[in-house]
Amino acid sequence: MPAELLSGRTISKEIRAELKAEVAEIKSRCPEFCPGLAIIQVGDQSDSNVYVRNKLKAAEEVGIKAQHLKLPRSSTQAQVVSTIESLNNDASVHGMIVQLPLDSENPIDSDLCVNTVLPAKDVDGLHNENAGKLALGQLKDCYTPCTPRGCIELIKRSGLPIVGKRAVVIGRSKIVGAPMSNLLMWNHATVTTCHSKTKDIKKIVSEADILVVAARQQEMVKGDWVKPGAVVIDCGINPIPDASMKSGHRLLGDVHFDSVKEVASFITPVPGGVGPMTIAMLLKNTVDGARRVLEHKDEASEE
């Protein structure tokens, strides 16, 4: 029996509806207060333009006040850092992201820029402080990167158990792979992380009850790699030319969908799986940050 689809589109719509209601409740209680998100973009890279546009639209739909600061390609590192610091000091901004990659004519250290964002506003979850807290299991005191948080939420809302399961993550990037492994571990799975130097990766993957693939390799995982009944989460986004599509290309994941769906019990499609969840979790992190600020204000007024 073919695998059941884990639809990120469906679940992300549920989350957005919940966030819209939550923001409306915050505004009704404090009319002068509105969750705020700032997106800093350098340059005019077409992919980034699409991603930023989708984030701004999604934020507006749930009632978040979003601002887009688009800096020219001629921007220097000092100018980008100065922009970030000004937003750090803006009380109306509760969440901030630096859209990567930075499309600049000048050398800019993206790690420096990401770590200039205040940890309390780092809704991408990429600041070293947030990454360290996640690694230590301090999940209530940090932001989690949006894609891994979306993957966990996708699994949980589908009613699939994580506790005690054998999980394998392919990839160790600081944006997806590494935090995904940490999240699965702190949700009580037994986790193995595979990467480019892993030997006999097919054998390791075949033991996974939960498989998360973030390898950046088109259709790397085939059906004969996968344990029957496994839950497969595909984080890959690989564009390939397709003249029949309006965009001129279509997207393939890191998993060979047609063969894996015949073996797995659940599988995410590409597109429509992890992608919509990533944006939903950006909104969730922003609303969470705004609520924390509001709670601190309430506590201060009671003292």
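This is a predicted model: local features need pLDDT of at least 70, side-chain atom pairs count only at pLDDT 80 or more; totals for chains, interfaces and linings use all residues.

User: Cavities, then. How many of 30 Å³ or more does the structure hold?

Analyst: One cavity reaches that size.

User: What volume does the largest cavity have?

Analyst: About 60 Å³.

User: Which residues line the largest cavity?

Analyst: The lining is made up of Met96, Ile97, Val98, Leu100, Val114, Val117, Asp122, Asp124 and Leu126.

User: Which element gives the largest share of that lining?

Analyst: Strand S4, residues 95-98, with three residues.

User: Switching topic. How many salt bridges are there?

Analyst: The structure has 19 of them.

User: Give me one with Arg157. What does its side chain meet?

Analyst: Glu18, in a salt bridge with an N to O distance of 2.8 Å. Arg157 belongs to helix H6 (residues 146-157) and Glu18 to helix H1 (residues 8-29), so this pair ties together parts 139 residues apart in sequence.

User: What about Glu22? Which residue does its side chain meet in a salt bridge?

Analyst: Arg291, at 2.8 Å, N to O. The pair links distant parts of the chain. Glu22 sits in helix H1 and Arg291 in helix H10 (residues 274-302), 269 residues apart.

User: Which residues are in a salt-bridge network with Glu22?

Analyst: Glu25, Arg29 and Arg291 are linked with Glu22 in a network of salt bridges.

User: Next one. What does Lys70 form a salt bridge with?

Analyst: Asp44. The closest N and O atoms of Lys70 and Asp44 are 2.6 Å apart.

User: Where do Lys70 and Asp44 lie?

Analyst: Lys70 is in strand S3 (residues 65-71). Asp44 is in the loop between strand S2 (36-42) and helix H2 (46-62).

User: How accessible are Lys70 and Asp44?

Analyst: Lys70 has 41% relative accessibility, so Lys70 counts as partly exposed. Asp44 is at 46%, also partly exposed. The cut-off for exposed is over 50%.

How values were computed. Residues are numbered from 1 along each chain as its sequence is written. Side-chain values use heavy atoms; hydrogens and water are left out. On a 1 Å grid over the protein atoms alone, a cavity is a set of points where a 1.4 Å probe fits but cannot get out, and a pocket is an open set with protein on both sides within 12 Å along at least five of seven lines; lining residues have an atom within 4 Å of a point. Grid points are joined across faces, edges and corners, and a volume is the space filled by probe spheres set on the points. Helices (H or I, at least four residues) and strands (E, at least two) are DSSP runs, numbered from the N terminus. A salt bridge is a side-chain nitrogen of Lys or Arg within 4 Å of a carboxyl oxygen of Asp or Glu. Buried means under 20% relative accessible area, exposed over 50%, partly exposed in between (1.4 Å probe, protein chains only).
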